[in-house]
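Trainee: Please pick one part of this model and take me through it closely. Then place that part within the rest of the chain.

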Amino acid sequence: MTVFSEKGGITRRQFFKGAGILAITAVLTGVFSKIGIDMTKAGDDYIAKRAQGLYTLDEKMTIRKSHENPEIIQLYKDFLSPGEVKPMSEKAHHLLHTRYGQDIPAFIEELKGHREEAA
């Protein structure tokens, strides 16, 4: 029976369907890539303006370095290293350095222990 046998190759209808899908895909890809390029350019412009604004603000500040800040110097003299300005003191290191990841639970327990000792 030749009714159920398929012809070799593709039909005209299949060709136009495939060509249409390909054309639509090409147009959409072009549109979305243009949007992406515009967004990237806008993001780069924003970053450049933000950096310039931060540099401008920094240049206008009277105290630009933390080790020259009188309040920080007084904090070290009164609390972190009594009587002297010693930035790497044990107390300063313990209180001012950030903990990450696996260190956090042990640090919380250590703080709880210090609170109980003080009470």
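Mentor: Contact here means heavy atoms within 4.5 Å. Keep that in mind for Leu96, which touches Tyr76 and Leu80 once its neighbours within four places in sequence are left aside. The model is predicted, so local features need pLDDT of at least 70 and side-chain atom pairs pLDDT 80 or more, while totals for chains, interfaces and linings use all residues. Numbering starts from 1 along each chain as its sequence is written, and side-chain values use heavy atoms, without hydrogens and water.

Stay with Leu96. Leu96 sits in helix 3. Helices are DSSP runs (H or I, at least four residues; strands are E, at least two), numbered from the N terminus. Leu96 and Leu80 are 16 residues apart along the chain. Their C-alpha atoms are separated by 9.7 Å.

Ser89 belongs to the loop between helix 2 (70-80) and helix 3 (90-96). Is Ser89 buried or exposed? Ser89 counts as buried because its relative accessible area is 7% (buried is under 20%, exposed over 50%, partly exposed in between; 1.4 Å probe, protein chains only).

One more link belongs to this region. Lys91 lies over the face of Phe79, at 4.3 Å from the ring centre (the rule asks for NZ of Lys or CZ of Arg within 6 Å of the centre and within 35 degrees of the ring normal).

Now the rest of the chain. The secondary structure comes to four helices and zero strands. From the N terminus on, the order is α-α-α-α. Of the 119 residues, 6% count as buried. The chain exposes about 11100 Å² (Shrake-Rupley, 1.4 Å probe; for residues, only the protein chains shown count as cover). Carbon and sulfur atoms supply 63% of that area.

Helix 1 covers residues 12-60 and includes Met39. Met39 counts as exposed because its relative accessibility is 60%.

There is one aromatic pair in the structure. Phe15 and Phe16 form that pair, edge-to-face, with 5.5 Å centre to centre and 70 degrees between the planes (rings of Phe, Tyr and Trp, its six-membered ring, pair if centres lie within 6.5 Å; under 30 degrees is stacked, over 60 edge-to-face, the rest tilted). Phe15 is partly exposed, at 48% relative accessibility.

Next, the charges. Side chains of opposite charge can pair when their charged atoms come close. The count is two salt bridges (a side-chain nitrogen of Lys or Arg within 4 Å of a carboxyl oxygen of Asp or Glu). Asp58 pairs with Arg64, the closest N and O atoms being 3.0 Å apart. Asp58 is partly exposed, with a relative accessible area of 27%. Arg64 is partly exposed too, at 48%.

The other bridge joins Glu109 and Lys112, with the closest N and O atoms 3.8 Å apart. Where do these two residues sit relative to each other in helix 4 (residues 103-118)? Glu109 and Lys112 are three residues apart in that helix, so about one helical turn separates them. Lys112 is partly exposed, with a relative accessible area of 37%.

Back to the part we began with. Ser89 is in the loop, and Leu96 is in helix 3.
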